[in-house]
Amino acid sequence: HSTLDVEAIRAQFPILNPSNQNQPLIYLDSAASTQQPARVIEAVADYHRGHHANIHRGAYQLSRTATRMYEEARERVARFLNAADPVECLFTRGATESINLVAATWGRTTLQPGDEILLSTLEHHSNIVPWQMVAETTGARIRVIPIDDAGDLDLEACQRLLSPRTRLVAVNQVSNALGTINPVAEIIAAAHAVGALVLIDGAQWVAHGPTDVQALDADFYVFSGHKLYGPTGIGVLYGKRRLLESMPPYQGGGDMIERVTFERTTYAGLPNKFEAGTPHISGAVGLASAIDWVESIGLAVIGAHEQVLLHQATERLARIPGLEIKGRARHKSGVISWVMSDPPIATLDIGTALDLRGLCIRTGHHCCQPLMDRLGVTSTARASFGVYNRLDEIETLAEALSEIRESASRQRRTATVGDSVS
Ligand code: PMP
């Protein structure tokens, strides 16, 4: 089947069907964090109820079961990304930690003064700051792929910026603030042509379409569980095996060693070398369950559904006078960002007024201050869609925004009349 039964999907989300519901929840913030279906919540609870023990080296059955569940989760992630080998998939706390891991290990040992790291204007702070930190300690330099006014990457500029000095290109597959879908396969090919490695920040992609790290030929690929209908505190770093093998460990501790003496320590092989300490076992189990769940629906089906929502939202919001949509890229995922400039309404006020009507959206810089600077704003209001959103929720959003604008215009007129009388 190729179409989505949204009501059947919604029925699986406890948060959308609370028993004591005063006002229906209209959740339009899936780019920040998706909600979790009962199946994922249950998978985590089931692990805690019946299978929890510390993993690896346990002499007893329960520990072996927990170890198997954790390692099966890794295999599930590998199939999800089409990684060649599960050991190429490391569990981390999330996209942020995955990027920091690469910056702190590969970056610190590889980068030299004069080397260049190529980022883009669309990056989240988590794909900027770790590179700035490593640039500071290594003398490497950060360069930035610009965007056009629509929010598309300037690929010609990207081509010009690439040179034999470029050691790494780190870009997102989808912009969290504007929804721009970037042509990452093309960028990877161009980067490889000058001998640079590529890290793709897939945080905003993996829940919206299929991912194949081998077809992309990505060197590193990162994402977070909580934007994929899974738990918080768990994420993935995919890296090509030979790269991960050549990198020093990230953190030292238990589970990542082969042999420790006070004179010298040798490290474990992949993936343990990068997973010091007790990991987020239940998080990995929950993530695997979330992957099973999205794949049972089909990522192409989910993506197509979100495109319908995006199309409708773009049409409806564009018709509201004084509302300016930020980001009109050629290919977008289900994210729409806007400001209200006539009359001017602060984005936080928009968010607060929508919250009173049960609508959850996000306002602010979306951890993309350089992008906000480029757009000439400090903040936008953003609605982002997931598999559970319905067209009538878009309608409610549009109607609420019209009302908010009307009431701001009225207040303005009253204030102006008051001024002229006094
Ligand atoms: N990159 C992008 C594009 C994101 O949207 C986010 C989360 N907003 C991150 C990275 C960081 O993800 P996390 O906070 O889960 O580490």
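Hi everyone. A nonpolar core here means a set of buried Ala, Val, Leu, Ile, Met, Phe, Trp, Tyr and Cys residues joined through C-beta atoms within 7 Å. Keep that in mind as we go through this one, which is a predicted model.

So, how many residues does the largest nonpolar core have? It has 120, and Val-198 and Val-222 are the ones with the most contacts inside it. Helix α10, residues 281-297, gives the largest share of this core, with 9 residues.

Let's stop at Val-198 for a moment. Leaving out residues up to four places away in sequence, Val-198 touches Val-169, Ile-187, Ile-188, Ala-191, Ala-218 and Asp-219.

Now, the two domains. Taken over C-alpha atoms, their centres are 29 Å apart. As for the contact itself, 26 residues of domain 1 meet 24 residues of domain 2. On the domain 1 side, the elements giving two or more residues are α11 (299-318), β12 (335-341), α13 (369-375) and β16 (380-384). Of these, α11 gives the largest share, 5 residues. That side of domain 1 divides into 11 nonpolar, 8 polar and 7 charged residues.

Technical notes: Residues numbered from 1 in each chain as written. Predicted model: local features only at pLDDT ≥ 70, side-chain atom pairs only at ≥ 80, totals over all residues. Domains from an automatic or database assignment. Contact = placed C-beta atoms within 7 Å. Helix = DSSP H or I, 4+ residues; strand = E, 2+ residues; numbered from the N terminus. Nonpolar A, V, L, I, M, F, W, Y, C, P; charged D, E, K, R; others polar. Buried ≥ 20, exposed ≤ 12 C-beta atoms within 10 Å, placed from the backbone.
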